[in-house]
Amino acid sequence: MNAGDRVRVDRADQTYEGVLLPSTTRDHLVVKLDGGYNVGVDRTEADVEVLESDAYDVESAQADSEQSTIEFDDDLPTVSLISTGGTIASTVDYRTGAVTAQFDAEDVLRAVPDLAGRANYRGRVVANILSENMTPDVWQDLAEAVHEEIEAGADGVVVMHGTDTMQFTAAAMAFMLDTPVPIVFTGSQRSADRPSSDNVMNAVSAVEAAKSDCAEVLICMHEDESDDRCALHRGVRARKNHTSRRDAFETVGAKPLGVVDYDTDGETEVSFRREHRERGETELDIDPDLDTDVELLKFTPSTDTAFLDALEGKSGVVLEGTGLGHVHTDWIPRIEELVEEGTTVVMTSQCLEGRVCDRVYDTGRDLLEAGIVEGEDTLPGTAKVKLMWALANVESVEEAMSTSLAGEINERSVPWT
């Protein structure tokens with residue numbers, strides 16, 4: 001039994017049939033099923049029958065996959081690829097059968113040969129984690145790395161990141177960095193071993209966006225379920241709205257800032273729909289300090305006021321209120337106490353569109369008297385990141401939270417669909 005043989009594997013009450021692949025461990029078999037998925041099976045628990053020897057030439061396939069070379073071209077821009085982990089830079093852990101982050105940035109280049117010839121690349125690894133493990137100290141490391149790459153001459157930066165917390169990291173970069181070049185976040189909802197993987201199109205589109213004239217922090221992911229266009233979302237206005245669809249991300253309160261029309265023949269076109277900061281318009285600068293003693297609390301009917309007691313002594317709190325920015329009236333005295341004790345309390349709305357306005361109803365007016373700061377139409381997650389940054393970097397936190405610093409606040413809230 002060798003890699004490339006077609007096999008049938010019986011384990012307990014399950015049967016798998018496919019091509020045997022090389023395994024990273026001696027204890028597990030790896031079988032590529034006819035549907036394109038890989039499965040890892042414990043050798044001691046498997047009964048294997050070889051159906052056809054040498055059904056697939058694995059060695060030649062591996063050799064072909066290693067032939068993609070990265071050559072420097074004076075006529076091409078330089079794009080820095082920074083890896084933090086996530087599905088776009090992941091592979092299958094054949095011990096468990098789960099997807100795990102294992103690739104560094106240079107592995108991404110080898111895994112996506114379509115990137116060749118589009119730019120000169122520099123690869124850098126800041127972290128190798130799944131995005132649920134992202135922390136503010138990694139945001140700071142990433143901001144420093146991005147700053148160094150741009151300072152060293154990068155014409156654009158692509159950050160490979162897990163999708164689950166990508167919107168938070170993108171927002172952090174938007175507040176921490178003034179950038180003269182595009183900083184583009186991308187990832188994939190489905191790993192490279194799956195036939196419906198979105199990693200190639202997203203990576204190629206992100207590189208093209210990084211070569212564009214939009215000097216902002218962007219998120220580049222599928223615009224819809226087809227494979228012909230990626231949307232470019234402003235990092236501070238994006239939200240992951242689906243657990244598994246390839247077009248999981250949406251711009252809240254507007255259409256995406258731009259799009260990348262993707263052509264499998266190699267031609268791509270980047271276009272923008274609205275006003276944006278142009279390449280070279282802003283001088284490179286970094287303010288990476290964060291006050292991480294900030295929490296985000298969502299109010300729902302019957303939420304216990306004891307949650308507010310747990311926030312005593314915090315530097316800042318973002319409340320995700322109902323409608324125009326409301327909570328139960330029983331919360332208001334405790335909120336006033338928090339404010340008097342030095343906690344900045346920012347009100348946002350759990351509604352997907354529209355802005356906070358606490359001047360319409362009695363509850364809102366009472367909240368204003370209690371000292372809350374209106375977050376306008378800033379997304380709650382973005383508001384948390386912004387408050388961390390504002391507490392550490394500006395004199396008037398209240399003024400900063402009600403002012404659009406990186407496009408996080410829309411000038412007007414109007415229907416857009």
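Visitor: Let me start in the strands: which residue stands opposite V158 in β10?

Guide: Please keep in mind throughout that this is a predicted model. The residue that stands opposite V158 in β10 is L81, and the strands concerned, β6 (residues 78-83) and β10, pair in the parallel sense over 5 bridges.

Visitor: And how many residues of β10 are buried?

Guide: In β10, 5 of its 5 residues are buried, so that the strand is mostly covered. G156, V158 and M160 point one way from β10, while V157 and V159 point the other way, and all are buried.

Visitor: What does β10 do with β12, parallel or antiparallel?

Guide: Strand β10 (residues 156-160) and β12 pair in the parallel sense over 4 bridges, and within that pairing M160 stands opposite T186 in β12. The side chains of β12 (residues 183-186) are arranged in two directions, with I183 and F185 pointing one way and V184 and T186 the other, and all are buried.

Visitor: Which residue of β13 does I183 stand opposite?

Guide: I183 stands opposite V217 in β13, and the two strands, β12 and β13 (residues 217-222), pair in the parallel sense over 4 bridges.

Visitor: Changing topic to charges, how many salt bridges does the structure hold?

Guide: The structure holds 24 salt bridges. One of them joins the side chains of E208 and R118, at 2.9 Å from N to O. E208 belongs to helix α5 (residues 199-210) and R118 to the loop between α2 (105-111) and β9 (120-125), so this pair ties together parts that are 90 residues apart in sequence.

Visitor: Are E208 and R118 buried or exposed?

Guide: E208 is buried, and R118 is buried as well.

Visitor: What about E148, which residue does it form a salt bridge with?

Guide: E148 forms a salt bridge with R124, and the closest N and O atoms are 2.5 Å apart. The pair links distant parts of the chain, with E148 in helix α3 (residues 136-151) and R124 in strand β9, 24 residues apart.

Visitor: Why does E148 count as partly exposed, and R124 too?

Guide: E148 is partly exposed because its relative accessible area is 38%, a value that lies between the limits of 20% for buried and 50% for exposed. R124 likewise counts as partly exposed, at 25% relative accessibility.

Visitor: And K314, what does its side chain meet?

Guide: The side chains of K314 and E295 meet in a salt bridge, with 3.4 Å from N to O. K314 sits in the loop between α6 (306-309) and β21 (316-321), whereas E295 is in strand β20 (residues 294-298), and the pair links distant parts of the chain, 19 residues apart. E295 is partly exposed, with a relative accessible area of 29%.

Visitor: Which residues are linked in a network of salt bridges?

Guide: R6, R8, E17 and E49 are linked in such a network.

Visitor: Which residues gather in a patch of negative charge on the surface?

Guide: The residues in that patch are E336, E340, E341, D362, D366 and E369. E341 has its place in the loop between α7 and β22 (344-349), and E341 is partly exposed, with a relative accessible area of 47%.

Visitor: One last topic, backbone angles: what is the phi of A12 near?

Guide: Phi of A12 is near 55°, which is a positive value in a residue other than glycine. By contrast, most residues other than glycine have a negative phi. A12 is placed in the loop between β1 (6-11) and β2 (14-21), and at 82% relative accessibility A12 counts as exposed.

Visitor: And where is S302 found?

Guide: S302 is found in the loop between β20 and α6. Although S302 is not a glycine, it has a positive phi of about 80°, and S302 counts as exposed at 74% relative accessibility.

Key:
Residues are numbered from 1 along each chain as its sequence is written. This is a predicted model: local features need pLDDT of at least 70, side-chain atom pairs count only at pLDDT 80 or more; totals for chains, interfaces and linings use all residues. Side-chain values use heavy atoms; hydrogens and water are left out. Patches are made of residues with over 30% relative accessible area and no salt bridge: like charges are joined within 9 Å, nonpolar side chains (Val, Leu, Ile, Met, Phe, Trp, Tyr) within 5 Å. Accessible areas come from the Shrake-Rupley method with a 1.4 Å probe; for residues, only the protein chains shown count as cover. A salt bridge is a side-chain nitrogen of Lys or Arg within 4 Å of a carboxyl oxygen of Asp or Glu. Lys and Arg count as positive and Asp and Glu as negative; His and the chain ends are not counted. The place of a charge is taken as NZ of Lys, CZ of Arg, CG of Asp or CD of Glu. Buried means under 20% relative accessible area, exposed over 50%, partly exposed in between (1.4 Å probe, protein chains only). Two strands pair if DSSP finds at least two bridges between them.
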